[in-house]
Amino acid sequence: MNQGNISRAVIHTGFLVYSILCLLPLFVVLTISLSDEQSIFQSGYHLIPEKFSLDAYAFIFSGNSPIIQAYGVTIIVTLLGTLLHLVISSMLAYGLSRNEVKYKNIISFIVVFCLLFNGGLVPWYMLFSKYLHLKDTLLVLIVPYLVSSVNVLIMRNFFRTIPDSIVESARIDGSGEFNTFLRLVVPLSTPVLATIGLFVAVFYWNDWFTASLLIEDGKLYPLQFLLQSIMNNIAYLQANALTQKLATSLPDETARMATCVLAVAPIALTYPFLQKYFVKGLTLGAVKA
Amino acid sequence: MVNKTKTWASKLVLLCFAFTIVLAGCGKDATTTPEPTPTKNEDKTTDQPKESALTPVELTYYFPNTPQKDLQSVEDELNKLVQPKINATIKLKLIDWGSYDEKMNVIISSGEPYDIAFTSTWTNNFYQGVAKGAFAPLDELIEKYASDTKSSVPETFWKGVKVKGATYGVPNFQQSTAGYGYLIQKSIADKYKFDWKSVTKLSDLTPMLETIKKGEPTLIPWGYSKASDPFLIATPMFNLEALGDSKTPGSIYLNDTDMKVVNQYETPEFKEYVTMMRDWYMKGYVRKEAPTLKDNQADLKAGKVAAQIGQIDIDTTAFEQSGMSAPGRFTNYNKDVQSYDHMFIKPLLTTDKAAASITAISASSPNKERAMMFINLLNTDKQIYNLINWGVEGKHYKKVADNRIETIADSGFKISSPWEFGNMSQTYYTEADAQGAEVDDKGNKLWIDLNKNAAASNALGFVFDFTPVKSEKANVDAAIDELYYAIATGSIDPEKNLPMFLNRLKDAGADKIIAEKQKQLDEWRAANK
Amino acid sequence: MQDLILQSKHKTKKKIRIPPFIKELVKNKTIYLMMLPGLLFILIVYYLPMIGVVIAFQEFNPFKGIWGSKWVGFSNFEFLFRSDAVWQITLNTIVYNVIFMITGLGLAMAMAIMINEISNRFFAGLYKSVMLLPYLLSWVVAEYLLYSFLSIDKGIINQLLQAFGVEPVQWYSEPFYWRFIMPAAYIWKNVGYYAVIFAAGITSISPEYYEAAKMDGASKLQQALKITVPMLMPITITLVLLQAGKIFYAAFGDWGMFYNLPRESGVLFSATNVIDTYVFRALKQMNDFGMSSAIGLYQSVVGFILVLVSNWLIRKYDRDSALF
């Protein structure tokens with residue numbers, strides 16, 4: 001009994017300490033973003049803002065940059081992209097997990113091989129702009145990332161852990177393959193689907209690279225890309241002798257941190273609420289007739 | 001129940017299936033024609049445009065800046081002015097600073113057609129573009145459609161955009177040239193009664209820095225950052241001129257008519273400089289972390305820097321002489337900290353300065369003549385030029401005098417880059433300019449004269465093509481990134497480390513680069529006699 | 001059943017030999033149909049651009065295109081192999097990656113197991129959420145944070161040291177410390193990601209195993225070692241193999257940490273320079289796609305060979321765990 005209590009205490013303490021290590025940097029970021037710019041220069045970083053100020057946020061949301069629009073773009077891209085990704089990748093992974101599929105090894109090889117080799121940036125760019133004509137479209141923010149070999153393999157592994165007996169009995173009951181997949185396998189796999197879904201959503205949310213090459217229309221700028229460009233703009237204004245005067249009043253460090261907060265906050269805040277999907281699917285037990 | 005699922009499920013599968021088939025369809029068609037299209041366009045350039053009927057065309061214009069909410073209304077107004085004149089509409093493609101270089105790189109590398117782009121030595125590199133064949137030769141086009149532009153830009157600037165005898169870009173005439181000197185806080189200079197005007201070389205500053213160090217414990221006597229390293233940005237201060245970029249070995253002495261290429265790190269000037277820096281570092285005039293500071297914005301903004309290197313075109317003395325106020329460049333970082341800017345190295349027009357802002361026409365452009373006509377408008381039509389720069393009157397700015405405006409805050413358009421688009425002498429004055437600068441066009445006159453009369457370097461127009469030594473350059477650059485800053489800030493002892501650094505450079509192939517530079521320089525001189 | 005289908009398709013033909021290929025496709029047609037979108041996607045988006053890999057052997061000129069540019073054999077690879085730093089950066093890359101792999105996956109598994117033990121739902125969820133947060137940050141932001149700790153004069157650590165009377169350390173000039181800072185940073189950022197994957201894996205282990213073990217008197221530790229760990233082996237092996245494929249890519253591709261964290265301090269290069277940072281710095285100015293393509297190819301080939309070998313070995317041990 002005592003051993004149990006001690007080990008539990010140790011575990012909790014360990015995690016609490018680690019949690020602090022993870023949360024502290026984010027907290028510092030938040031603090032800096034809410035501080036007055038000058039106070040940062042004068043006295044360095046602090047845990048509590050010396051001089052509270054919303055200047056950084058005001059600057060980012062102010063007049064000239066299309067930030068609200070960017071939020072909209074990113075939300076749509078993330079939701080659509082994640083959904084489609086999960087659908088397509090999980091179907092592929094499921095096929096690879098079934099032993100009766102004879103060609104699964106060859107297809108697995110095809111899936112893995114492309115992870116190791118790629119043709120580089122220019123051919124990729126040419127594919128999407130020249131051949132698929134997807135430049136400056138919402139689709140181009142979604143399409144290049146609809147399947148990820150890593151995710152397919154992880155999902156394949158999980159599908160394998162589902163006992164064959166369950167699948168067999170569903171087959172005997174007359175269920176078609178797709179039906180088995182949809183009504184049986186998927187509900188049992190919510191942990192892995194939620195996990196992969198989370199990773200994919202984070203990826204879409206944070207992606208700025210695609211836009212930097214393939215989007216030129218300001219109305220389609222996603223959030224991260226816009227934030228990056230705001231930061232680059234500040235850097236540019238400061239570096240150029242002609243515009244330095246305009247840059248003096250602009251928040252810099254604080255704006256950088258505010259950028260980070262705006263980028264991370266939505267995900268950090270929604271993730272805890274999705275926890276329930278990560279709970280065991282198998283305990284729900286039921287094999288639907 | 002099962003049936004419903006089946007139909008719903010099969011619809012979903014069909015959807016995905018169809019989706020991918022569509023993609024596959026597009027993709028498969030294209031794979032049979034992998035050739036990029038530029039070969040077709042090259043035929044078009046030899047066609048003579050029909051003078052009489054100008055068909056309407058759309059020109060794409062790429063340039064870097066901050067994304068603007070209201071770019072559209074500027075574009076609309078612009079087209080209202082431009083179309084009647086040359087029957088062309090412009091599509092403004094504003095790309096943000098961080099992405100511009102890579103994006104243009106990829107666009108050029110994929111052979112994608114566009115018409116006009118901003119290029120320079122520091123982004124979307126002009127010389128590399130010319131070497132790749134990305135830009136169209138313009139001599140004929142300038143003759144025909146932009147002779148006014150030609151005469152408005154000094155001949156020295158045209159030299160910078162000529163490669164192998166052909167012109168590949170139109171220089172945007174702006175405040176390019178600059179001399180070098182230093183900046184010192186007004187309050188400090190006044191307090192200790194420094195004779196700041198008498199400084200003629202960096203070592204003259206040593207006694208001042210000592211005084212500052214003793215008397216001002218909260219200030220940093222000499223501001224330094226990797227971005228403002230004196231040896232790399234103010235090469236004329238060391239009697240040298242960089243050929244191409246100042247980091248790669250291979251510079252020439254300023255007044256060397258023989259133009260012998262030397263390794264600048266092996267010169268006595270460099271040795272003298274790093275010995276002085278070592279002295280300064282040990283005495284605490286420079287921040288201990290200097291070799292790792294990417295920039296020292298934070299210190300400048302906090303007003304903690306007492307003195308720093310300066311790239312100056314018009315210094316305090318010059319402003320005062322022409323009757324304008326002179327708060328000094330430190331106010332660019334912190335409004336309340338004024339400085340004396342003293343220039344002690346006269347401006348020299350080098351290739352990289354002359355090529356700091358260029359507008360080029362893409363070799364893949366299907367409408368080169370029209371593009372040149374538009375460029376001419378940018379450089380000669382004051383209305384069009386200021387429209388693209390400052391936006392729509394009333395919406396983005398209001399006029400306070402004939403040639404002075406005040407920008408409207410949060411109007412959706414503010415790019416503040418008059419040097420980017422054309423002849424900067426056309427620009428309106430804004431609230432960022434000194435009071436009274438617009439009277440008699442005083443403000444502009446200062447820099448126009450400076451640039452027109454700037455001494456041209458002997459090597460103006462020479463461009464180094466490093467492809468024959470690209471391996472060596474890659475390795476040498478890596479070695480420099482590793483060791484240079486530690487030595488140049490005096491954070492490590494030059495006695496031991498300078499010889500070691502030079503050996504590393506030799507091993508990495510520095511001598512080969514120098515030999516190649518000399519070879520190309522000699523060829524260029526012979527060709528341009 | 002299947003014969004009927006086959007016969008109805010080939011009504012007029014008797015006894016034609018159906019290639020096993022078609023037989024197989026038809027037999028599992030729904031499944032193959034399900035796999036089709038994903039497969040097509042991979043072929044188009046990943047394999048088509050692979051043709052571009054030939055750029056590594058060319059002096060690529062965009063206006064001549066891939067088919068028109070000059071072939072230069074292996075000369076694009078030269079600069080890397082001729083450099084004096086090639087051993088240092090390769091060693092750094094591989095050693096760090098091995099350390100990352102072992103500590104990263106090991107710690108992640110341990111943490112996942114421990115979190116699973118926590119009966120309090122709220123705390124378990126809380127810890128899982130918090131652990132993942134560093135993963136969401138970028139290395140650019142992490143650089144600022146690290147700087148706030150390690151800065152010479154304003155940094156928190158040096159201030160603490162001074163409070164205790166210890167000499168402040170010039171963190172950004174001493175390569176030695178970075179051999180520990182790097183793994184710590186990698187773990188901080190990535191352990192949450194892997195732990196979440198492992199945690200999901202643990203949920204799919206049937207509780208019956210644990211019941212049986214408890215009845216046999218096994219302690220928690222024994223349960224973890226004898227049940228959880230072996231059950232997690234397949235996913236672990238997959239992750240290990242995937243990382244092995246990227247062994248020559250610093251931090252398995254996430255090389256931003258080696259570039260951003262040390263703030264480009266040259267003095268630290270002996271401990272922080274890896275293949276990707278070296279190449280990036282060397283080629284930054286040159287925009288030479290041939291050379292950058294060449295290095296990418298080199299990194300890929302090595303990883304590929306490693307994956308082939310490891311996969312073959314794993315197949316001998318447990319056929320199902322292998323990647324292919």
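**Labels and their grounds**

Modeller: Just after H3(B), Asn87(B) has a positive phi of about 50°. Keep in mind that this is a predicted model.

Biologist: How do you know that the span of helix H3 of chain B agrees with its number of residues?

Modeller: H3(B) covers residues 71–86, which is 16 residues. The expected span is 1.5 Å times one less than that number. That gives 22 Å, and the end C-alpha atoms are 22 Å apart, so the two agree.

Biologist: Where does H3(B) bend, and by how much?

Modeller: The bend is at Lys80(B), about 30°. The value is the angle between axes fitted to the seven residues ending there and the seven starting there. A proline, Pro84(B), follows within four residues.

Biologist: Which residues of H3(B) are buried?

Modeller: Leu71(B), Ser73(B), Val74(B), Glu75(B), Leu78(B), Asn79(B), Val82(B) and Ile86(B). Their cover includes strand S2 (88–95), helix H16 (368–380) and helix H17 (382–390) of chain B.

Biologist: Why is Ile42(C) called buried?

Modeller: The cut-off is under 20% relative accessible area. Ile42(C) is at 0%, so the label buried applies. This residue sits in helix H3 (residues 29–47) of chain C.

Biologist: What is Ile42(C) in contact with, beyond neighbours within four places in sequence?

Modeller: Leu92(A), Val111(A), Cys114(A), Val147(A), Ser149(A) and Tyr47(C). A contact needs heavy atoms within 4.5 Å. Glu78(C) is 36 residues from Ile42(C) in sequence, and their C-alpha atoms are 32 Å apart.

Biologist: What makes strand S7 of chain B largely enclosed?

Modeller: Seven of the seven residues of S7(B), residues 179–185, are buried, so the rest of the structure largely encloses this strand.

Biologist: Which strands does S7(B) pair with, and in what sense?

Modeller: Pairing requires at least two bridges. S7(B) has six bridges to strand S12 (residues 305–312) of chain B, in the antiparallel sense. Six bridges also join S7(B) to strand S13 (residues 339–345) of chain B, again antiparallel. Tyr182(B) has Ile309(B) as its bridge partner in S12(B). Gly181(B) stands opposite Met343(B) in S13(B).

Biologist: How many helices and strands does chain A have?

Modeller: Chain A has 15 helices and zero strands. Of its 289 residues, 59% count as buried.

Methods
Residues numbered from 1 in each chain as written. Chains lettered and ligands numbered in written order. Predicted model: local features only at pLDDT ≥ 70, side-chain atom pairs only at ≥ 80, totals over all residues. Heavy atoms only, no water. Helix = DSSP H or I, 4+ residues; strand = E, 2+ residues; numbered from the N terminus. Buried < 20%, exposed > 50% of the residue type's maximum accessible area, 1.4 Å probe, protein only.
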